[in-house]
Amino acid sequence: MLDMAEREGVVDIYNCVKALRSRRINMVQTEEQYIFIHDAILEACLCGETAIPVCEFKAAYFDMIRIDSQTNSSHLKDEFQTLNSVTPRLQAEDCSIACLPRNHDKNRFMDMLPPDRCLPFLITIDGESSNYINAALMD
């Protein structure tokens with residue numbers, strides 16, 4: 001798909017998945033998997049190749065932080081803005097436990113809340129009524 005995007009300037013995810021499924025039964029079985037394919041291709045097209053060999057990192061980093069006099073920006077800042085554009089935004093309902101009044105004091109900043117689906121499960125020993133902590137479990 002990425003070769004097609006580069007070569008032709010278009011992607012045909014539907015027909016690609018259709019062809020994959022004709023050759024491999026059960027390939028791309030859920031809506032979430034189909035959405036993931038779209039997200040992955042979009043991210044790859046927008047972000048491009050970002051891997052830097054360790055031996056070249058120092059030089060690459062100094063090149064990335066150099067400010068372009070015409071745009072008054074740096075490549076690092078541009079990459080960060082691109083990363084923000086492909087990162088899904090959480091909605092208030094995604095963080096409903098963090099937004100409960102009893103948990104407000106446990107949040108350092110109300111604009112940085114963990115989503116409910118990533119909360120660690122804590123067992124309280126002293127019988128505290130809330131086992132919430134402002135943290136998120138990540139794979």
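Colleague: Where does Val28 lie?
Modeller: In this predicted model, Val28 lies in the loop between α2 and α3, and its phi is near 55°, a positive value in a residue other than glycine.

Colleague: Is Val28 buried or exposed?
Modeller: Val28 counts as buried, because its relative accessibility is 13% and the cut-off for buried is under 20%.

Colleague: And what is the phi of Asn26?
Modeller: Asn26 has a positive phi of about 70°, although it is not a glycine, and it lies in the loop between α2 (13-23) and α3. Asn26 is exposed, with a relative accessible area of 54%, whereas Val28 counts as buried.

Colleague: Now to the helix after that loop. How many residues does α3 have, and how far does it reach?
Modeller: Helix α3 covers residues 31-47, which makes 17 residues, and from its first C-alpha to its last it reaches 24 Å, close to the 24 Å expected at 1.5 Å a residue.

Colleague: What follows α3?
Modeller: The residue that follows α3 is Gly48, whose phi is positive, near 70°.

Colleague: Back to α2, then. What does Ile13 touch?
Modeller: Ile13, which lies in helix α2, touches Met1, Tyr34, Ile37, His38 and Ile41, if residues up to four places away in sequence are not counted. The C-alpha atoms of Ile13 and Ile37 are separated by 7.9 Å, although the two residues are 24 residues apart along the chain.

Colleague: Is Ile13 buried or exposed?
Modeller: Ile13 counts as buried, at 9% relative accessibility.

Colleague: Let's change topic. How many aromatic pairs does the structure hold?
Modeller: The structure holds two aromatic pairs. In one of them, the rings of Phe57 and Tyr61 have their centres 6.1 Å apart and their planes at 20°, so the pair is stacked, since planes under 30 degrees apart count as stacked.

Colleague: Where do Phe57 and Tyr61 sit in the helix?
Modeller: Both belong to helix α4 (residues 57-65), and because they are four residues apart there, about one helical turn separates them.

Colleague: And what about the rings of Tyr61 and Phe62?
Modeller: The rings of Tyr61 and Phe62 have their centres 5.7 Å apart and their planes at 65°, so this pair is edge-to-face. Phe57, Tyr61 and Phe62 form one aromatic cluster.

Colleague: How accessible are Phe57, Tyr61 and Phe62?
Modeller: Phe57 counts as partly exposed at 45% relative accessibility, Tyr61 counts as partly exposed at 35%, and Phe62 counts as partly exposed at 47%.

Colleague: Next, Ser74. Which residues is it in contact with?
Modeller: Ser74 lies in strand β2 (residues 73-74), and, leaving aside its neighbours within four places in sequence, it is in contact with Met64, Ile65, Arg66 and Ile67. Ser74 is buried, with a relative accessible area of 9%.

Colleague: Zooming out, how is the protein divided?
Modeller: The protein is divided into domain 1 (1-48), domain 2 (50-87) and domain 3 (90-138), and the C-alpha centres of domain 1 and domain 3 lie 35 Å apart.

Colleague: What does UniProt list for these residues?
Modeller: For the feature "domain: Tyrosine-protein phosphatase", from an unreviewed entry, UniProt lists residues 1-44 and 76-139. Over residues 1-44, the chain is 73% helix and 0% strand, with its end C-alpha atoms 10 Å apart. UniProt also places the feature "domain: Tyrosine specific protein phosphatases", again from an unreviewed entry, at residues 1-35, and that span is 66% helix and 0% strand, with end C-alpha atoms that lie 15 Å apart.

Notes. Residues numbered from 1 in each chain as written. Predicted model: local features only at pLDDT ≥ 70, side-chain atom pairs only at ≥ 80, totals over all residues. Heavy atoms only, no water. Phe/Tyr/Trp six-rings, centres within 6.5 Å; stacked < 30°, edge-to-face > 60°. Helix = DSSP H or I, 4+ residues; strand = E, 2+ residues; numbered from the N terminus. Buried < 20%, exposed > 50% of the residue type's maximum accessible area, 1.4 Å probe, protein only. Contact = heavy atoms within 4.5 Å. Domains from an automatic or database assignment. UniProt positions renumbered as here; feature names shortened; annotations may be inferred. Expected span 1.5 Å × (residues − 1).
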